[in-house]
Structures are given as C-alpha cells and as structure tokens.
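Have the structure open while you read.

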Amino acid sequence: MANLLMYFSSLTPATVSKTNNNMPQMTKTTITAIPSKATTTVATTTTTTNHKWQITQDLTLISTPSKHHRYIAKDYTTFPDEFYTSQAQKMSDMMCTLLKFGEDPLEGLMLVDAIQRIGIDYHFQNEIEAILEQEYVNFTNSSSREKNYQDLFHVSLTFRLLRQNGYYVPADVFDNFTGKEGKIKQKYRKDTRALMGLYEASQLSIEGEDALEEAGNFSSQLLNAMMRTSLNCNDARVINNTLKHPYHKSLAKFTAKNFIRDYNGAYASKNALQELAKMDFDMSQSVHVRELVEISSWWKDLGLAKELKLARDQPLKWYTWPMAALSDPRLSKQRIELTKPISLIYIIDDIFDLYGTLDELTLFAQAVNRWDFAATEQLPDYMKICFKALYDTTNEIGYNIYKEYGWNPVDSLQKAWASLFDAFLVEAKWFASGRVPKAAEYLKNGIVSSGIHVVLVHLFFLLGEGTNKESANIINDNTDIISSVASILRLWDDLGSAKDENQDGHDGSYITCYMEEHQGSSADVARQEVIKKITEAWRRLNKECLSPNPFSRTFTKASLNLSRMVPFMYSYDENQDLPDLEEHIKSMLAL
C-alpha cells in the first residue's frame, strides 16, 4: 500500500477553505452534533473560521473520478488465487485449533480473546459461539464454578468474554477474590496477569455493580504502583497499554498491533494469528480504499463543498465513523451508505453554526419537518441546495433498503432528521436569547443534537433489522441504547472542547451549564461531573448490549464501536490536533 498516499496526493484538491478545521474559532458558538463544537455568531453576515483537522488536508480525497480510480481497483481489490487458497487453509487450521483448545477451557478462552482482539473473529463466529455457550453453562453452575474457577485471571477472562458477547453473568463471581468495598484480597495483589484481567472485566460493569467498579479502580491503583516500582520495561509497557486502552472501550484494530506483540499464548498460535491478521488487514485495507473512492465521488457530485465554503470538507474523517462501527469487511455497502448521513450531519451542523439567521434556521427546520420542497421557497439558495441533497439522499437510501429488504424506512429516516433539526433549533434559540439552560436540560437536548439517533436509525435499517411496520418500531421503542451512545459522544465532545478550545463562556457545553447552575463550582469539579456521567453512560450501554435485547449482535457491536471511536474524535492535544485519530487512519490505510 506504499503508493496509496502518492495516489491521494495526485488527486485534484477540492475547493475548500484554507482555514478549514474541525474546530472553527468564532466569537460565539451553538451546540454541535457528531462534529465537535464549532463557534459562531448567529445572524452575522461576515464570518471567519479556523478549522484544524488535517491528515494531509483529509488526503485531498475529494476529486473528479479519473484513471486513478481504475488503478486503485486493479491494484488494491484483487489478490492472486494463491492468497485466497492460503487464507482458507490457515482459517481451517485455526478452526481446528479452536476446537482442540475447547477441551482446555482456559486455553480456549485465551485464543478466543486473541482472535477478537485482532479483529478477525467474524471468520470464526460459529466456533466461538459454541465455546462460549458451553462456558456459560459451566460458569453459571455454582458447583462447577466452585470446582473449576478458582483462579482470578480465569474468572476475570470468562466474565469479560461472556459479557462482551451478550451473556449475562452476575458480578458476584468475584466475591471470593475481594474483601470489603471491592478491595482485592492480599494474596492476589502481586498477580499482574490477574489484576489486568480484573481491570479489563470491570469495564463491563452495569448499573448497581459498584463493588466491581471499585475492584477495577483498586486493581488500577496496584498496577500503576507496579509500573513505578518493580517491573521491567516490557511488563510496564503491557500494563500501561491495558490501563490506557482496555479492550472493551477500545477499537480492536487500533490495539491489535500491541496485542500481537505482547501475546503470551502458544507460539504456533501466535504465528498463525499474525499471518491471519496480516491477510485480513490487507483485504480490509483494499476494501476501505475502494469505499473511499466511491464516497469521494458521491461527495464531489453532491456539490455542497462548493456551495458552503466555510463548512467542513472532510470525507475521510466522516468515513472513519462507519469504518470503525462496522469492522466486518463484508459490510461494505452499509459503510458507504452510512457515511452519507454522517456527512450531512456535519454540514447541517455547520449551517446552524456558521450561516443561518435564527429566522432562516426556523424555516429550515420547518421544511425538514414537513419534508416538502414547497416549504423551502423563503430559504436562501444554499439552504435549498442542502435540503435537496438531504431529501434526495434520504429517499435514495430508503429506496435501496426497500430493494434489499422489502421495506422502505423513509418515514423513520425523515422523523430522525426532523428531531435533529428541532434539537439544533433549540440550541440556536438558547444562544440567540443568551439563555444558559440547566445542565440536565442541556444534556437531554444534546443527546438528540449529537446526531447519534440519526446515525443509528439509518444503521438499523441498513442492516435489515426493520423489515415491516412492527419491526421498524423497535428502534423507536428501545431508545436506551441510542441515548447511552449519544451521552458518551456529547459529554466527550464537551470535555474535549472545554479543555482545548479558547472558550469564551458562551459555548453551551455541559461544563458551562453545570458551572452556571452550581455557582462557585470550578471547571475541574464540572469536568469530574462529566467524567462521572460518561462512566454512567457506559454502564447503561453495557446493560443494553446484554441478551435478551431486540437488536442483532452486529447492531450492538456497532453501537459499542461508535462509543469507542468517540475519544479518537475529541482527544485534542495542546496544538488542537487529533494525534490518535491520525495514527488510527494511517494504520488502517498503511499511510
């Protein structure tokens, strides 16, 4: 893939503001959606912006389709027959290894964990499910657990794998290893592997499991002390990676390289895992490049970048959301289609932040609620063009879903968009009036304005989960999973923006609202409240992903992956750059 960056650099750059950035610097701001906050003054006619997202200006991906696209298709989506033959043989060997290790529960679980951590588990779903189903039977049988699960690492790994895959097991399985208030018994306090396993397991706690949360915090304290005092560099690195990137809250593709390097399983298994991971990475990479070419063509044809020169023009960054959410390479069509509404969320957010007067924004929201071109007559041309792009794209997605699954969800999609516009409008009115809402009121509206509802409603239907009126209502009747992901995004966004932007006190973030409501509270106290609420949202999300729930495993995994992607999008450094996001994209595309 060495030629990939050269290819992208050879494309004709799009018309884009030279100051384009993920975080516009304006005099004021409204509250944003999936994008991070952009500051603005509503109803001004002259505006400046200072976007900062780069990765070589989004790899100048927007371009006129050309011979380069055929070059990509030839070189990056086709592999020789020997490649597929070798891959099939290696997968067959790994299936046999899984079945063999199934006779040794701990070795089998360690291999399952390794396969999931390097992101190739979609190849072995049946084998993994069989192992975990048997493990669930054994683990939930009290006599079997007392006899076979006396090791803290074994219990922690079993608990985590079962919960990660939707099986509910009670947190009291750790009672034998902890004392009062979740403190780990003395004899386990120097067992590095067990402490890391317990810390990883604690990331899957749900509401009401304070003891497990405390055990995780205590294990973190012990591991940090070990790093400072008694470990060699390699062991300290492994612990640091675990504490910084626990598996359940990290993207597997981002942490896979470190995991393979530090994997302590059987040497033959390690070699086989490395070879399969490399093959899968090469194939996934070729798929992602092809998808990016298709998305760039769609975005170029849409023409919004030319009409809205102050708005963001970052299709690579937007595509990173679906690339993370839907990690199975076979879901190519869904990734491409999901990038479209995500792109429009960013653009509409910028219209609310950088362009529209309050009167215009009110009419814009009304037009979307009516879903009628006639309602756009009084709007400025750029809003008419945006409404047409939104209308056409939504109807096209709905029709494509109808052709695939026999149900057109356009009504549900339109309602999702209407709720987003209404939430944006609420925030615009807050700003225009100078009103700072209560923190709870802000967060309730911010959950909608995060854009996550729009994204997950589209994803639900793109995965074929709503194929009639009854099943289509599932996404509307089970909103906790959506609100959990949205809370994580909204609060992370506020946390990152408050820390890294030059705030003037009018950004409408949760931190600002909290400090206004709790006079005398410091910014640090408000940030701790945000961190607490993020933890609570993760607990709710963990619960929603346990069985039984009305969603497919693909949908719940995508919801988790969106939450895992959030820190990449909002962890700014002192230069307001996104180093982790750049590292992840470069890794995925071998730049």
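## Rings, charges and cores

R145 sits over the face of F139, 5.9 Å from the ring centre. R193 does likewise with F153: its charged end lies over that ring, 3.9 Å from the centre. A charge counts as over a ring if NZ of Lys or CZ of Arg is within 6 Å of the ring centre and within 35 degrees of the ring normal.

Some ground rules: this is a predicted model, where local features need pLDDT of at least 70 and side-chain atom pairs count only at pLDDT 80 or more, while totals for chains, interfaces and linings use all residues. Residues are numbered from 1 along each chain as its sequence is written, and side-chain values use heavy atoms, with hydrogens and water left out.

As for the fold, the chain has 28 helices and 0 strands, taken as DSSP runs (helices H or I, at least four residues; strands E, at least two) and numbered from the N terminus. Of its 591 residues, 56% are buried, meaning under 20% relative accessible area, with exposed set at over 50% and partly exposed in between (1.4 Å probe, protein chains only).

Now the inside. The largest nonpolar core holds 108 residues, and W321 and W417 touch the most other members. Helix α16 (residues 332-355) gives the largest share of this core, 12 residues. Such a core is a set of buried Ala, Val, Leu, Ile, Met, Phe, Trp, Tyr and Cys residues joined through side-chain atoms within 4.5 Å. Another core lies apart from it, with 54 residues, including M91, I118, L162 and L198.

Back to rings: a search of the whole structure turns up 28 aromatic pairs. Rings of Phe, Tyr and Trp (its six-membered ring) pair if their centres lie within 6.5 Å; planes under 30 degrees apart are stacked, over 60 edge-to-face, and the rest tilted. Here are two of the pairs.

| Pair | Centre distance | Plane angle | Class |
|---|---|---|---|
| Y355 and Y382 | 5.1 Å | 40 degrees | tilted |
| W371 and Y391 | 5.2 Å | 40 degrees | tilted |

Y355 lies in helix α16 and Y382 in helix α18 (residues 381-405), so this pair ties together parts 27 residues apart in sequence. W371 sits in the loop between α17 (358-370) and α18, and Y391 in helix α18, so here the parts tied together are 20 residues apart in sequence. Y382 is buried at 15% relative accessibility, and W371 is buried at 15% too. Y391 is partly exposed, at 22%. Elsewhere, W298, W299, W318 and Y346 make up one aromatic cluster.
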